[in-house]
Amino acid sequence: MKPFPVILFFYHLAPLMEPVMSLQPVLMGNPIARHIMQYVIPLHCVQQNPSIPSEQQLNVNSLNLTSTNLLGESISTVIVLRLLPGVAVYTGMETKMALNYQGKSQKRSAVEKSINAFLIVYLFILLTKAAVCTTLKYVWQSTPYNDEPWYNQKTQKERETLKVLKMFTDFLSFMVLFNFIIPVSMYVTVEMQKFLGSFFISWDKDFYDEEINEGALVNTSDLNEELGQVDYVFTDKTGTLTENSMEFIECCIDGHKYKGVTQEVDGLSQTDGTLTYFDKVDKNREELFLRALCLCHTVEIKTNDAVDGATESAELTYISSSPDEIALVKGAKRYGFTFLGNRNGYMRVENQRKEIEEYELLHTLNFDAVRRRMSVIVKTQEGDILLFCKGADSAVFPRVQNHEIELTKVHVERNAMDGYRTLCVAFKEIAPDDYERINRQLIEAKMALQDREEKMEKVFDDIETNMNLIGATAVEDKLQDQAAETIEALHAAGLKVWVLTGDKMETAKSTCYACRLFQTNTELLELTTKTIEESERKEDRLHELLIEYRKKLLHEFPKSTRSFKKAWTEHQEYGLIIDGSTLSLILNSSQDSSSNNYKSIFLQICMKCTAVLCCRMAPLQKAQIVRMVKNLKGSPITLSIGDGANDVSMILESHVGIGIKGKEGRQAARNSDYSVPKFKHLKKLLLAHGHLYYVRIAHLVQYFFYKNLCFILPQFLYQFFCGFSQQPLYDAAYLTMYNICFTSLPILAYSLLEQHINIDSLTSDPRLYMKISGNAMLQLGPFLYWTFLAAFEGTVFFFGTYFLFQTASLEENGKVYGNWTFGTIVFTVLVFTVTLKLALDTRFWTWINHFVIWGSLAFYVFFSFFWGGIIWPFLKQQRMYFVFAQMLSSVSTWLAIILLIFISLFPEILLIVLKNVRRRSARRNLSCRRASDSLSARPSVRPLLLRTFSDESNVL
């Protein structure tokens, strides 16, 4: 803001206040637009006081309130804003923030969906039990003696009650009696497990990065188990697979290649390294190229000197939104041209002779994704006006002289194939008369009220023509540490990895080879602008390629293949490359008969490919691809990982979003579900943490339904022996404490600490991830196993105790046990059986597991003695008084409890023995397989950054 000029301006315009006050403003709003950097609203003013002389009237027929003017650069706007009352326009959901807000969709894991499905089944079981008992009760009471025995005569009111009302009341009573089959406490335990379990990710020291002094961060704990169910991984390239730390490698000037570090004496002429230049160009052209690198950018200077008035020799830190620009400026500095920053509208450069050159910055034609280039117009100290432009080859080559392209194009293509990021540099001189015209056009376009962006784009295009090509640059963005090993592990785990990037195809393709997304034996299928433009009609050519690729893949992978994931290593691997323009053609194809099925054919091809590379992607196109895969048949689980703001849309769209704490800000990390410092951490996050989280919570869910069915089934069977009178089998205290105290802590500890396979084995053998994919542990088969196991054990509990009570007396004094003793024996066997079942399932024992398992059993015994050893004054009936102690005084009861527990757990013990035998044989086979794999390893992979590219024969 500039407060002093504004105040001074008001002081000089005091005589003109009256004509301004006589104006009536009328706001003419433009259509709502979500572009956050566009705000154009014309203000039309009507003169209300015709008596004011015309020479005092202000020329404010149309004032432009823009984002620039509101910052104080337009004095007329400031006057109007100071004099007029406040006006609120585009409010509520029409604000820029509301229009650009993409709210997070409610993400629900596959486990939650399975829980809801199981809950519906158990709700049906509950209704069935209540209906069966209600029906059988009235069948039982159809006999007069059973309906009204002599010891329980009905009252007159009971006889007059409608039978339908009595049946409905009895049905509700049975619902209340059996409602414990619904594991309400499971939801509390699940939330506790998710919340507490998420801390293990934050506490993992392997996720700590010393460079940024941070570790992993969990933004939501609802999706922990979803990390173990991922089918597709969508990853950005720059800053995710690569370090986003650019390094200037080489350049070419007029077709001559320059590489290496040079001495300051003679710029590019003398070298300190090998392979510095191939031939040479004129010295003036070299200096012109380096000046272009020092001037054509938006880099700012941060002086690392705490003393006021820093000298030129102080250490300079370059700051920019683009790491590429910093790399180019540093590259120019290596060759003797140092950018010293902006001062009062002048860009200052120190040349090779230690002379300070100043250039007046006249205009900056900013970079955008459509133009894919940027330019600056500067004025030299001699008064010459120059335009410097840098951008992608496809954006610069059409705007320079044709005879200058061929020599530079060879270097650009070779550098792109080597994995370097390339930019072309051009310039042109502007005559003073031409600059006056250009300046006028730029100002008019910037001040336009309608279609401003289109007009500015047209002016930019007119200016950036007939340029002279100087050369090109090559910048290296190195792969992150262990990025290749991570992708190879994900591939071995059965995950499909897609790379979505905005880079050009050659650069992204080379990076995919370097990070082992594509192997040397991978056959590539290309759907790019280059392959489509071979035909006059693009849609016809696209249709032909889609049909051709589908036939090839369907022939290679027939539908009879049982497991496509396992077939990857048994058949030829295929990879797909597609660019943004071709994807738009597929998604927005016309609706005629020949092209309305583009999308379905494209999806069939993608599903058969082991890896997909999407280049030249816009941020919204990334989200479209993720949404398209999410809606595939079977609803595969998707994961997106990125580091920049352009990755936020796909992170929010996927089932699981991972943000990299990179160098492009923290927008991705803040909008993600989980954030990690490096891409390599994704391996352990999925293969270890995700695997264990899923196994733990899946076992927790199955165990809760199992133990509740074991709990209620004896209660249901008991109704057949008590005349369906809704008589409870267990005491009310046991009903309350079963899920809260007796069986809750062991399963919670199991779900937090269990490691059925150690973490090192999970990370070293990614194929273990495939065993739990597809929500394997919560499918119908495992659910039926747990259900039948619970039904078997519940039946053993009840009828084992029932046969025990067939003896006339269980005590030496001849006393007979009652119904509460019967229920207590059943409940004791129940608690011990379900707890020991969990102990048998535990593979990773800690002191916490020992404490909660054996402590829960000890607490049950202590509570039973305590509850039945005191006459409680607040209870009307002391029905449990001394029942537990009296029960344990019988040797027959001890033998019965031990025998019933063993019979109930015998199938589980037998299954564990068989699994151990199979596991030992599997280990022997695995050791033999590893020995054979070491002899017949996969083909050697590419080096980190390719220097040759000889796989064109693999491209269709």
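Let's start at Thr528. This threonine sits in the loop between strand E18, residues 523-527, and helix H19, residues 529-532. Keep in mind that this is a predicted model. Is Thr528 buried or exposed? Its relative accessibility is 2%, so Thr528 counts as buried. The cut-off for buried is under 20%. What does Thr528 touch, once residues up to four places away in sequence are set aside? The list is Met505, Ile577, Ile578, Asp579 and Thr582.

Let me zoom in on one pair. Strand E22 covers residues 656-660, and strand E23 covers residues 674-676. They run parallel, paired over three bridges. Within E23, Ser675 is the residue opposite Gly659.

What packs on this sheet?

Next stop, Ala395. This alanine is in helix H13, residues 393-396. Ala395 has 8% relative accessibility, so it also falls under the 20% limit and counts as buried. Which residues does Ala395 contact, leaving aside neighbours within four places in sequence? Three arginines: Arg371, Arg372 and Arg373. There is also a spatial relation with Cys424. Ala395 and Cys424 are 29 residues apart in sequence. From C-alpha to C-alpha, the distance is 8.9 Å.

Last, the surface. There is a nonpolar patch of about 870 Å². Its members are Phe792, Leu899, Phe902, Ile903, Phe906, Ile909, Leu910, Val913, Leu914 and Val917. Where does the largest share come from? Helix H35, residues 891-935, with nine residues.

Take Val913 as one of the patch residues. Val913 is in helix H35. With 45% relative accessibility, Val913 counts as partly exposed. The reason is the class limits: exposed needs over 50%, and buried needs under 20%.

To recap. Thr528 is buried, at 2%. Ala395 is buried, at 8%. Val913 is partly exposed, at 45%.

Conventions: Residues are numbered from 1 along each chain as its sequence is written. This is a predicted model: local features need pLDDT of at least 70, side-chain atom pairs count only at pLDDT 80 or more; totals for chains, interfaces and linings use all residues. Side-chain values use heavy atoms; hydrogens and water are left out. Helices (H or I, at least four residues) and strands (E, at least two) are DSSP runs, numbered from the N terminus. Buried means under 20% relative accessible area, exposed over 50%, partly exposed in between (1.4 Å probe, protein chains only). Contact means heavy atoms within 4.5 Å. Patches are made of residues with over 30% relative accessible area and no salt bridge: like charges are joined within 9 Å, nonpolar side chains (Val, Leu, Ile, Met, Phe, Trp, Tyr) within 5 Å. Accessible areas come from the Shrake-Rupley method with a 1.4 Å probe; for residues, only the protein chains shown count as cover. A salt bridge is a side-chain nitrogen of Lys or Arg within 4 Å of a carboxyl oxygen of Asp or Glu. Two strands pair if DSSP finds at least two bridges between them.
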